[in-house]
Amino acid sequence: MPRTDADLIVDPDTYTSGVPHDALTRLREKNVVRIDDFWAVFRHEDVRTVLKTPAVFSSHRGATQIRDPQPSDLAYVQRMMLNQDPPSHTRLRRMLTRAFTPRAVARLEDRIRANAREIIANPSGDFAHDVADLPLLTLADVFGVPRQDRALLYDWSNRVIGFQDPDYALSSSSTAGMTDMALEALQLRPDDGRDPRARDGMPDLYAYAHALGSYKRAHPSDDVLSNLMREDISIEEFENLFWLFSVAGNETLRNGIPGGMIALLEHPGQYARLRADRSLLDTAVEEMLRWWTPVMHFRRTAARDTSLSGQEIKAGDKVVVWFSSANRDERAFTEPARFDVGRREGDHLSFGHGPHFCLGAQLARTQMRAIFDAVLDLSGTIQLDGGVDRLRSNFQNGVKHLPVSWPK
């Protein structure tokens with residue numbers, strides 16, 4: 001039988017050849033559509049409505065992934081900030097905001113720019129591999145993870161985000177130079193392909209979190225983890241915040257940067273325009289985030305009977321908002337399939353909306369500007385030098401390999 005548009009968008013194999021924007025466009029005309037056991041929401045305004053009304057569309061009731069957590073795991077994962085509603089979400093978020101204020105980000109900017117320039121000055125030929133180190137370096141500094149242990153963050157995010165891709169599911173980087181607490185935690189790393197989203201799926205992450213937390217309690221410094229050790233926070237909340245930072249703090253930017261580079265490579269006229277007018281860099285970064293959309297969807301659960309664009313939704317129903325559709329909605333963007341580095345319609349949803357708007361959005365933008373500022377300083381343009389290898393995932397718009405040649 002022919003495959004439906006709904007089949008295409010939920011199949012992780014689809015995304016190895018690209019986001020199915022034609023299917024999303026057709027679904028957007030229908031808007032709120034029943035797919036399997038959930039309602040899918042495709043239009044920009046309706047996605048915003050879902051995200052900004054947690055009293056109606058809850059992050060807490062069923063967590064935020066399409067698949068239901070195991071019943072034995074649900075109470076635990078509900079303690080994650082990502083999976084909470086106000087006021088509990090507000091309380092945890094407040095503990096972290098000092099690390100992401102404009103002043104705090106400004107203090108990091110020189111270091112970020114230096115890291116970005118070093119990365120671009122020492123290319124391997126795989127742009128995706130090279131730039132993956134920038135968010136790891138930044139996250140290590142902000143969170144308080146020793147830089148020599150940052151490959152742990154890389155592997156953890158691979159295993160969680162890439163659980164549908166065999167190249168990532170058992171990711172294991174070199175342990176050379178890691179701290180003793182990292183090596184001890186790695187003794188617990190599972191090698192049986194168990195689900196990393198389950199409570200028992202990443203024992204090495206939780207062991208490392210507790211070891212590093214104990215160290216920070218005894219040797220506090222100016223980082224997120226040291227600050228958390230001073231807060232009234234439960235073990236479950238602490239473990240979940242560490243999990244969230246280790247994965248979400250890294251993965252979106254790690255794919256957003258090569259996604260932005262792909263946008264420039266596929267639109268050489270826009271690449272040339274940006275090289276000729278560096279003042280467009282801020283709008284170009286926003287357009288890269290809109291056009292690529294690193295995180296493609298998130299789930300909510302209806303807390304009560306409601307309606308959305310005329311569709312009746314019952315309490316307990318899953319509701320999944322599709323960012324990769326909303327960011328191409330003709331109702332919100334002029335010629336949305338056109339990549340335009342000067343686009344002024346900047347209301348994309350790649351950082352979410354409402355109370356869960358990405359806490360690290362400004363830090364992510366700063367890192368993207370730093371990388372592309374360094375790219376634009378090259379004597380010529382970067383060129384594609386092979387096929388793009390994309391992640392097998394219906395959740396993260398991921399790039400595993402981006403082979404490029406540098407200007408001579």
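**Ground rules**

I am working with a predicted model, where local features need pLDDT of at least 70, side-chain atom pairs count only at pLDDT 80 or more, and totals for chains, interfaces and linings use all residues. Residues are numbered from 1 along each chain as its sequence is written, and side-chain values use heavy atoms, with hydrogens and water left out.

**Entry: the sheet**

I looked up the strand order first. The sheet is open, has 5 strands and reads β1-β2-β7-β4-β3, with mixed pairing. Helices (H or I, at least four residues) and strands (E, at least two) are DSSP runs, numbered from the N terminus. Two strands pair if DSSP finds at least two bridges between them. I noted the general rule too: strands of a sheet pair through backbone hydrogen bonds, either parallel or antiparallel.

Which strands form the edges? They are β1 (33–35) and β3 (57–58), and each pairs on one side only. I then followed β1 to its partner. It runs antiparallel to β2 (residues 38–41), and 3 bridges join the two. Within this pair, I found Val33 opposite Ala40 of β2.

Next I checked what packs on the sheet. Helix α3 (residues 44–52) does, and it touches β2, β3, β4 (297–302) and β7 (318–322). Contact means heavy atoms within 4.5 Å. The direction of α3 makes about 130° with that of β7. Axes are lines fitted to C-alpha atoms, for helices over the stretch in contact, and angles run from 0 to 180 degrees between N-to-C directions.

**Entry: salt bridges**

How many salt bridges does the structure hold? I read 35. The term means a side-chain nitrogen of Lys or Arg within 4 Å of a carboxyl oxygen of Asp or Glu.

I looked at Arg117 and Asp373, whose closest N and O atoms are 3.4 Å apart. Arg117 lies in helix α6 (residues 102–121) and Asp373 in helix α18 (residues 361–376), so the pair ties together parts 256 residues apart in sequence. Is Asp373 buried or exposed? It counts as buried, at 11% relative accessibility. Arg117 is partly exposed at 32%. The cut-offs are under 20% relative accessible area for buried, over 50% for exposed, and partly exposed in between (1.4 Å probe, protein chains only).

Then I turned to Arg365 and Glu286, with closest N and O atoms 2.6 Å apart. Arg365 is in α18 and Glu286 in helix α16 (residues 281–292), 79 residues apart. Both are buried.

Last, I noted a network of salt bridges linking Arg28, Glu29, Asp329, Glu330 and Arg331.
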